[in-house]
Each structure stands twice: as structure tokens, then as C-alpha cells.
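Welcome! Have a look at the sequence and the 3D structure below, and then we will walk through some of its details together.

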Amino acid sequence: MTAEPISEAAVPDAEPTSRWPVPPADGWTVDDLFTLPDLPPHTELIDGSLVFVSPQRDFHSIVIDLLVGGLRRTVPPRFKVRREMTVVIDRKNGPEPDISVLHGEAVTGRSQTLFRAADVVLAVEVVSPDSESRDRDTKPRKYAAAGIDHFWLVEMVGEEERPVVYVYERDPVTKSYTVTGIHHDRLKVSVPFEIDIDLSEIDSL
């Protein structure tokens, strides 16, 4: 959800409580994202609006674990794999991909809280009910425009609630993503490096 101010008139005679911050007229910036007090964990900034994360489904959590583990098994030393870290695209956009594969030199210390879009080789989003539009449309468009060459979108399908992974590559002319594969039981690709993940392992997690 997007942060909006709470009107005191809407809660007559209520005791003072903490309230969502009132956004400035031209929206929040990435600097605000890292300095506003008491923001919920994993708050994102999309087009100058704060976006709060709803409680996570079990599917979301274990798919991230499965993919992170699979990526780390084969990732070359020149890359690093991180989960749920802010990626700064511009001063009005600081989304948090579920998984990012980064150039290794972008990781500078354990207290680091953000990366730049130029640091990211692959961004992964696992679709949640409350973020379908952002995961399927808003964020991929922004990732592609920012120059992130590879993108995966993960959906839950079927009665068995298995993951299906849609793999995209960026067209440098149109600066948009083109789907290059749809993977159900096994995710095997050669870019941005050799990756082979048994998606059926989700049943044992």
C-alpha cells in the first residue's frame, strides 16, 4: 500500500498515536527512504510514493530461498547474490527486488543498505497478491529503463502451488524486456551465467 496521511478529524477524541508521514507536495525521495523514522521493514519508493509490504506468504519466502540457493551454487566470483535490498534507480525510485545478482565490486561492506541500478545484473520479483501490478508491470519497466539486462518474474501456478519462472532479457534498442523462456520444473539458462535450478525442490522445503 502507499502511505497517506491520517486525518485527525477521522478519529475524533482519539489519543495521539503514531501516524504515517505526510508526503511532501512533490513526493518522497530516496534520501527520505533512508532517513524517515520508524518506516516498516522493506518499504519501497515507487514514483515518489512509499510502498509498504503486506505480510509475506509462505510461497514467497520459500521460492526466494530456493532461487537464492540455486544462484549461489553456480554464481561466478565476479557476481554476488543478495535478497531484499534497495536498488536506487533515481531520486524518486528505490524499489527492493526480491533477489538481485550484482557486480561483486558493488558490495563494499556489511553495513551497506543499498545498491545502484548500474550494479545489478539480474533482478527477480516473486509475485504477491498485493503487488501484482507492481511486480508484473511497474517494476520491470523501471528495471529495463534503468539498464538492468536480466529480469525474472516468478508466479505461483496450479493446485500444487508450484513456481513458474518467466525469464526476460533487455532489448538495448527498445530498452524493454523480451521473454526468452518459461520454466516450470527446471530453470536452466546460460545468461547472465550458467544456472541450473530444480524448481520441484520447493516440495521439500
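## A loop with a positive phi

Let us begin with glutamate 84, which sits in the loop that links strand 3 (79-83) to strand 4 (86-88). Helices and strands here are DSSP runs numbered from the N terminus, with at least four residues (H or I) for a helix and at least two (E) for a strand. Glutamate 84 has a phi near 50°, a positive value in a residue other than glycine. Is glutamate 84 buried or exposed? Glutamate 84 counts as buried because its relative accessible area is 17%, and buried means under 20%, exposed over 50% and partly exposed in between, using a 1.4 Å probe and protein chains only.

Glutamate 161 also deserves a look: its phi is positive, about 55°, although it is not a glycine. You will find glutamate 161 in the loop between strand 8 (150-157) and strand 9 (162-171). With a relative accessible area of 44%, glutamate 161 is partly exposed.

## How to read this model

This is a predicted model, in which local features need pLDDT of at least 70 and side-chain atom pairs count only at pLDDT 80 or more, while totals for chains, interfaces and linings use all residues. Residues are numbered from 1 along each chain as its sequence is written, and side-chain values use heavy atoms, leaving out hydrogens and water.

Now find strand 7 (residues 120-126), which contains glutamate 125. Its relative accessibility is 1%, so glutamate 125 counts as buried. Contact means heavy atoms within 4.5 Å. Setting aside residues up to four places away in sequence, glutamate 125 touches several residues, including Glu96, Asp98, Asp135, Lys139, Tyr143 and Trp152. Lysine 139 is 14 residues from glutamate 125 in sequence, and their C-alpha atoms are 8.7 Å apart in space.

Which side chain makes a polar contact with the side chain of glutamate 125? The partner is tyrosine 143, at 2.6 Å. A polar contact is a pair of N or O atoms within 3.5 Å; within protein, one must be able to donate a hydrogen and the other to accept it, and residues adjacent in sequence count only if both atoms are side-chain atoms.

Two strands pair if DSSP finds at least two bridges between them. Valine 124 has tryptophan 152 in strand 8 as its bridge partner. Strand 8 is mostly covered, with 6 of its 8 residues buried.

## A cluster of rings

Rings of Phe, Tyr and Trp (its six-membered ring) pair if their centres lie within 6.5 Å; planes under 30 degrees apart count as stacked, over 60 as edge-to-face and the rest as tilted. By this rule there are 5 aromatic pairs. Tyrosine 143 and phenylalanine 151 form a tilted pair, with 5.9 Å from centre to centre and 50° between the planes. Ring pairs link Tyr143, Phe151, Tyr168 and Tyr177 into a cluster.

Tyrosine 143 is buried, with a relative accessible area of 0%. Phenylalanine 151 is buried too, at 2%.

Among the buried residues of helix 2 are Phe59, Ile62, Leu66 and Leu71.

Not counting residues up to four places away in sequence, alanine 144 touches Arg170, Lys175, Ser176 and Tyr177.

Histidine 183 belongs to strand 10 (residues 176-183) and counts as buried at 14% relative accessibility. A polar atom of the histidine 183 side chain lies 3.5 Å from the backbone oxygen of arginine 186.

Further along, valine 191 and proline 192 are joined by a cis peptide bond, with omega about 5°. Proline 192 lies in the loop between strand 11 (186-189) and strand 12 (195-198).
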